[in-house]
Amino acid sequence: MKKNVTGRTVVIVVTILVCVFGIIGFPKSGAGLVDNLKHNIRLGLDLKGGSHLVLQVHVQDAIKTEADGAIERIKEEMRKQSIDYAAIDRNDPTTVEDADKIEIDVKGVPATKTTAFRNLISERFNLWVLTPVNSTDYRLNMRPSELVTLKRDTVERSLQTISNRINQLGLTEPTVQQYGQAGTDYEILVELPGVDDPARVKEIMQTTAQLEIDDVKEGPFQSRETALSQKGGILPVGTKLVREPPQGDRTESWYLLSKAPIIRGTDMRNARAGQDDMRKWNAQFTLSPDAGKRFGRYTEANIGNRLAVVMDNQIHSVASIKGRIEDSGQIENIGSEQEASDLALVLRAGALPATIQIQYENSVGPSLGADSIHAGIVAGLAGLAAVIIVMLVYYKRSGVNAVLALVLNTVILMAALSYFKAVLTLPGIAGVILTIGMAVDSNVLIFERIREELRSGKAIVSAVDAGFSKAWWTIVDTHVTTVVSCAFLFIFGEGPVRGFAVTLTIGLIANVFTAVFVSKVIFDYELSGRRQLAELSI
Amino acid sequence: MQIFKNTNFDFLRYKWPFIGASLVLSVAGLSSMLLHGGLRYGIDFKEGTQMTVKWNGAPPEDQIRSALSKKVSGEVTVQPLTDLASKNEIVIGTERMGEQQMAAARKAMQDTLEATFGDAQSGKLDFNNAGASEIADRITVPLQQAGVQLSDPQLQKLAADLRTFRDTPPRSGLLPSFDQLAAVPGVNSAIISVLKQQCSLAPFSILQVEMVGPKVGSELRTKAILATLYALGGMLVYIAFRFEWIYGVAAVIACLHDTIITIGLFSLFNREITLTVIAALLTLVGYSMNDTIVIFDRIRENLKLLRREPLESLINKSVNQTLSRTVMTSGLTFLTVVALFLFGGPVLHGFSFALVVGIIIGTYSSVFVASPIVLFWHNWADGRKRTSPVPVPAIKSQPVRKSSTKALK
């Protein structure tokens with residue numbers, strides 16, 4: 001084994017090259033190097049600033065909407081088949097846990113129509129299970145399998161909608177993914193690195209879709225400048241200037257709208273393409289019951305005023321309110337069927353199927369992040385410098401071995417983080433510190449053993465060999481114990497605890513390589529061909 | 001250079017005073033926790049809203065408290081951060097409220113701060129607490145009027161540069177005067193005068209906001225504790241497999257001892273247990289375990305070499321043989337952690353505090369807690385063996401000195 005120093009050196013050099021490439025790539029300049037470094041070593045939100053959110057999807061909303069739809073259709077079918085009823089209602093589960101308790105109560109079905117009613121439900125509403133309460137009243141419960149599917153779909157659609165909206169913000173590397181236990185938690189994790197005004201993002205996530213219906217204050221103006229000059233250069237509080245793009249022979253114009261929309265994208269429940277009496281295409285939308293009531297009240301009180309349909313911050317159309325509009329409306333004058341169905345799709349996609357509530361938020365401002373990185377680097381370098389100096393003073397030439405092993409360990413750790421696309425967070429740094437501690441420890445263990453062997457009178461070469469082989473099992477035991485604990489932390493822990501476990505495990509594996517293998521090769525290299533060496537600098 | 005050369009300290013002779021000290025410290029820690037009514041958990045483990053705000057001078061605590069208590073429902077706490085690195089920072093918090101109130105409380109906090117200390121009445125944008133896109137939105141039109149022609153991407157870049165300048169140390173989020181922005185490339189006097197006209201500079205900057213719902217807080221706490229317990233269990237099994245079960249038990253007891261004392265100190269100094277501190281505790285457990293195993297390993301080795309030696313002097317010898325290594329490793333790790341404590345900044349402060357304490361205790365416990373436990377067990381088991389009616393031969397050929405569990409039956 002001792003003879004093959006060259007072969008082992010090749011292994012080490014290749015490892016170093018692969019690692020260095022992983023960290024900095026092939027930089028073309030100094031600035032390129034810094035850029036690559038920033039790109040490859042991803043810092044967590046706690047270090048670079050940004051927002052970390054856990055959202056809960058109120059799946060009971062979607063279930064209630066489904067029940068409402070079923071009630072409407074049941075009523076319609078019963079009318080068609082002339083089955084009488086006194087009342088059809090549903091209960092109102094308010095929490096995610098209660099979502100499964102949804103039930104529809106059908107009251108006052110005449111005993112003579114029992115068979116017809118039963119047939120109707122089993123043929124047309126097979127998502128629901130019918131239980132008779134007494135001779136005229138019935139209870140409908142949703143099938144458990146159907147509940148599971150519906151809840152899963154709701155979470156998936158919410159996830160899709162939220163990621164669509166976030167992607168439009170042009171943030172770098174946002175994460176939107178399901179969180180917690182699927183099937184019981186209905187949670188979504190959103191991570192927005194580097195976002196500097198999380199309040200705005202949250203608003204966009206929870207409310208704004210692509211569509212808004214706004215109150216028109218004034219307009220049209222020919223240009224932004226004319227509008228502004230009429231207002232004395234500053235917009236009145238609570239208003240915004242929005243452009244209406246040119247269409248057909250009409251030139252572009254600007255309107256002064258209320259900043260707070262009357263209807264938002266989240267108020268949308270459904271949308272589809274349709275045609276009016278003149279066979280012109282339109283997109284018809286349905287509002288949620290709450291928004292429908294609100295819109296009804298508003299339109300009733302503001303007959304004669306104008307409303308603007310704003311899509312993606314551009315006015316699509318302006319119309320005056322002719323009468324009360326409740327829970328459905330339409331966007332008219334769309335050029336083709338294709339455009340109309342695209343628009344309907346966007347409206348649908350922009351609508352969240354259920355309310356989203358923020359359960360956890362941690363927003364770290366960019367200045368705190370910048371300070372943390374700065375402080376972390378200073379502290380890390382200071383610590384490393386202290387360790388290096390002490391090692392060199394205490395173990396002299398052999399200290400160089402230890403320092404090389406330590407530096408190489410850090411390089412491998414960073415490279416592994418880069419290759420695995422792992423994120424370095426604060427707890428991750430904790431893992432790095434423990435790694436460095438254990439790396440130093442491995443070297444110290446070996447060196448102290450070599451010293452002992454030298455004291456007991458062994459020759460240098462055999463003392464070095466004995467030192468390494470005796471320290472080996474100690475190193476294995478300490479490392480395996482820690483890796484075992486990391487495995488448990490990774491399996492049962494969450495977020496930060498996992499980050500700790502991952503970095504530590506990588507670091508420890510790297511350490512066995514550097515402290516034992518690399519360090520031994522350096523010793524062997526120094527000792528080879530110098531059998532008569534009188535003294536080992538240790 | 002060598003500090004310890006063939007030392008022969010009789011560590012175990014003083015085991016009783018040290019074990020006494022450990023007990024006193026553990027009990028002190030536990031009673032401090034009881035007196036404080038449980039641990040002080042950081043926001044991540046309870047529920048509520050918490051905001052860290054940095055001021056340009058000494059924060060007017062009383063004024064903040066009275067302004068906020070009028071606007072925010074529930075109890076509002078205002079607490080200054082006393083760390084070296086986080087000067088002039090305060091933490092404003094509310095506790096225990098549902099998800100809906102959380103968002104409202106957060107908004108109320110920010111609005112009240114703006115109204116009381118900022119220049120909210122003027123309708124200007126608070127530059128120190130605005131995002132780049134807000135800044136860009138605000139100055140677009142006035143810049144055009146002032147005759148500064150910028151394309152949209154140029155404007156976005158300008159706003160981002162202004163923000164980055166504001167957030168870079170030494171300003172660290174608090175710009176004292178708009179005139180300093182002249183240092184940003186591309187900024188001229190016209191831009192600065194537009195900024196002065198459109199924006200104001202509040203004397204504070206919101207560094208961090210955390211909102212934790214009731215479910216998440218308790219869930220995180222349970223998961224962190226469970227993960228740690230499972231990890232300890234896993235280590236116990238591994239050590240029991242490699243050594244002997246009493247070694248595993250002793251190592252785990254030593255780790256628990258370290259954790260209890262460290263948490264006790266957190267309680268004593270009234271510091272919060274946050275998720276970051278949990279990471280530090282995990283590090284400390286790893287460190288202490290490492291230290292213990294190194295000594296156990298030496299005991300195991302010596303058991304093979306020195307079969308005639310009484311266990312007490314054998315353990316002493318093992319501790320002495322590893323002493324140089326123990327001091328070196330602890331000293332070096334301690335240096336790293338002290339550097340982190342001194343220069344690491346506010347975010348790392350709780351973390352490095354736990355480690356500074358933990359490394360001292362972790363090193364101590366390997367020698368004075370874990371080793372005596374092994375000794376006590378063997379002395380007790382040997383005593384049982386001697387008095388046991390059917391003498392069981394000592395298993396000397398084993399690599400590890402097995403205490404005869406059969407004797408117990």
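In chain B, what share of the contacts between residues at least 6 apart in sequence join residues at least 24 apart? The share is 75%. Two residues are in contact if their C-beta atoms, placed from the backbone, lie within 7 Å.

Some ground rules. This is a predicted model, in which local features need pLDDT of at least 70 and side-chain atom pairs count only at pLDDT 80 or more, while totals for chains, interfaces and linings use all residues. Residues are numbered from 1 along each chain as its sequence is written, and chains are lettered from A and ligands numbered from 1 in the order in which they are written.

Chain B comes next. Chain B has eleven helices and six strands; helices (H or I, at least four residues) and strands (E, at least two) are DSSP runs, numbered from the N terminus. Its C-alpha trace spans about 100 × 50 × 35 Å along the principal axes. The radius of gyration of chain B is 30 Å, whereas a compact globule of 409 residues would have a value near 22 Å. That radius is taken over C-alpha atoms, and the globule rule is 2.2 Å times the number of residues to the power 0.38. Of the 409 residues of chain B, 46% count as buried. Buried stands for 20 or more other C-beta atoms within 10 Å of the residue's own, exposed for 12 or fewer, and partly exposed for anything in between, with C-beta atoms placed from the backbone.

Now chain A. Its domain assignment gives domain 1 (5–49 + 365–527), domain 2 (59–144) and domain 3 (212–346); such bounds come from an automatic or database domain assignment. The C-alpha centres of domain 1 and domain 2 of chain A lie 65 Å apart.

How many residues does the contact take from each chain? It takes 66 from chain A and 72 from chain B. On the chain A side, the elements giving two or more residues are strand 18 (356–364), helix 11 (366–419), helix 12 (426–455), helix 13 (460–492) and helix 14 (495–527). Helix 11 of chain A gives the most, with 18 residues. By class, this side of chain A has 38 nonpolar, 18 polar and ten charged residues. Here Ala, Val, Leu, Ile, Met, Phe, Trp, Tyr, Cys and Pro count as nonpolar, Asp, Glu, Lys and Arg as charged, and the others, Gly among them, as polar.

Strands of a sheet pair through backbone hydrogen bonds, either parallel or antiparallel. In this work two strands pair if DSSP finds at least two bridges between them.

Where the chains meet, strand 18 of chain A and strand 6 (residues 204–212) of chain B pair antiparallel over five bridges. There Val364(A) stands opposite Gln208(B). On the chain B side, strand 1 (residues 48–55) and strand 3 (residues 89–95) pair over seven bridges, and Met51(B) has Ile92(B) as its bridge partner.

On the chain A side, seven bridges join strand 2 (residues 50–57) to strand 8, with Val54(A) opposite Leu189(A). Strand 8 (residues 187–193) of chain A is mostly covered, with six of its seven residues buried. Strand 7 of chain A pairs with strand 8 over five bridges.

Last, two loop residues. Is Tyr186(A) buried or exposed? Tyr186(A) is buried, with 24 other C-beta atoms within 10 Å. Tyr186(A) is found in the loop between strand 7 and strand 8 of chain A, and its phi is near 50°, a positive value in a residue other than glycine. Lys421(A), also not a glycine, has a positive phi of about 55°. Lys421(A) counts as exposed, with 8 C-beta neighbours inside 10 Å.
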